[in-house]
Amino acid sequence: MTRAIAFVAGVLLAAGVAGCGLAGGGDDSGPGGDPGGSNHPEFSPLYSQYFNRCRSCHSPDGPMRPVGQPIESTLDFTTVDTAWSTIRSGEATGLQGSNAEACNGVPFVAGTYAGSLIAAVVDPDVRGSFSTGSGCDGDAVGDMTLKVGATPSDAFLNGLKTWIENGAP
Ligand code: HEC
């Protein structure tokens, strides 16, 4: 695992030194490469399609981040990298209030789409039947599409489902 990460980092570093549009050699970086140099080709479309909108609150300097009021505080949508790592390896923290706090400690990504908190906050079908068995259910989970002020496309939701079911690469 560590070796694999080191290898990928090495490939990206080499690609960076050689400049974008490197041809031949490394076949790890996906077709066409990514002008942004993203490390996470499976995830970065989800970020550019929709998740970047969460940044206005879920980032340290987010202009709409509530002051003096609770917010889920693990997630950080500042960049593709921070979004990817906090969604994949994190669990909800910082929630307060009778319903919401039941979701503290719940991981954003579970084995299934229907069981993943990150899906429940953007997909009403998931939220409707969501339950961790410890009180974090459809009543406790908020609709983040309202906070964003935009409905995600079906393509985004399908993409999120595929990403989760593939193990959140
Ligand atoms: C306008 C600010 C704002 C935006 C934009 C926003 N959130 Fe939140 N988020 C909050 C607050 C505040 C909470 C704390 C619970 C609450 O008030 O609903 C929260 C809670 C959460 C939680 C914890 C579960 C819950 O419902 O309490 C998750 C997961 C989450 N947000 C993900 C997202 C995602 C993903 C996006 C983008 C699609 C997003 N948020 C956009 C403010 C925001």
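Visitor: Among contacts in the protein between residues at least 6 apart in sequence, what percentage join residues at least 24 apart?

Guide: Two residues are in contact if their C-beta atoms, placed from the backbone, lie within 7 Å. Here, of the contacts between residues at least 6 apart in sequence, 38% join residues at least 24 apart. Some ground rules apply throughout. This is a predicted model, in which local features need pLDDT of at least 70 and side-chain atom pairs count only at pLDDT 80 or more, while totals for chains, interfaces and linings use all residues. Residues are numbered from 1 along each chain as its sequence is written.

Visitor: How many helices and strands make up the secondary structure?

Guide: Helices (H or I, at least four residues) and strands (E, at least two) are DSSP runs, numbered from the N terminus. In this protein there are seven helices and zero strands. Read from the N terminus, the order is α-α-α-α-α-α-α.

Visitor: What percentage of the 169 residues count as buried?

Guide: Burial is a neighbour count: a residue is buried if 20 or more other C-beta atoms lie within 10 Å of its own, exposed if 12 or fewer, and partly exposed in between, with C-beta atoms placed from the backbone. By that rule, 25% of the 169 residues are buried.

Visitor: Which residues have the most contacts inside the largest nonpolar core?

Guide: A nonpolar core is a set of buried Ala, Val, Leu, Ile, Met, Phe, Trp, Tyr and Cys residues joined through C-beta atoms within 7 Å. The largest one here has 34 residues, and C103, L117, A119 and V141 have the most contacts inside it. Two or more residues each come from α2 (44-49), α3 (80-89), α4 (117-120) and α7 (154-165). As for A119, its contacts beyond four places in sequence are Y113, V126, L160 and I164.

Visitor: Where is C103 found, and is C103 buried or exposed?

Guide: C103 sits in the loop between α3 and α4. It counts as buried because it has 24 C-beta neighbours inside 10 Å. Leaving out residues up to four places away in sequence, C103 touches A92, L95, L117, C136, A140 and V141. Its C-alpha is 9.5 Å from that of E72, 31 residues away along the chain.

Visitor: Which residues of α7 are buried?

Guide: They are L157, L160, W163 and I164. Seen down the axis of α7, these residues fall within an arc of 125° (the arc of the directions from the helix axis to the C-beta atoms), so they line one face of the helix. The face turned away from the buried side carries the exposed residues D154, A155, N158, T162 and E165. The cover over the buried residues of α7 includes α2 and α4.

Visitor: Which residues of α3 are buried?

Guide: In α3 the buried residues are V80, A83, W84 and I87. Their arc, seen down the axis of α3, is within 95°, so they line one face of the helix. Again α2 and α4 are among what covers them.

Visitor: What follows α7?

Guide: G167 does, with a positive phi near 90°. A168, in the segment after α7, also has a positive phi, about 55°, although it is not a glycine. A168 counts as partly exposed because it has 19 C-beta neighbours inside 10 Å.

Visitor: In which helix is R127 found, and is R127 buried or exposed?

Guide: R127 belongs to helix α5 (residues 124-128). R127 is buried because 20 other C-beta atoms lie within 10 Å. Not counting residues up to four places away in sequence, R127 touches A120, G138, V141 and D143.

Visitor: Of the residues around the ligand, which come nearest?

Guide: A residue is near a molecule if its C-beta atom, placed from the backbone, lies within 6 Å of it. There are 24 residues around the ligand, and C54, C57, E72, G142 and K147 come nearest. α4 and α6 (144-148) each supply at least two residues of this shell, and α6 gives the most, with three.

Visitor: How many residues of the shell are nonpolar, polar and charged?

Guide: Ala, Val, Leu, Ile, Met, Phe, Trp, Tyr, Cys and Pro count as nonpolar, Asp, Glu, Lys and Arg as charged, and the others, Gly among them, as polar. The shell has 18 nonpolar, three polar and three charged residues.
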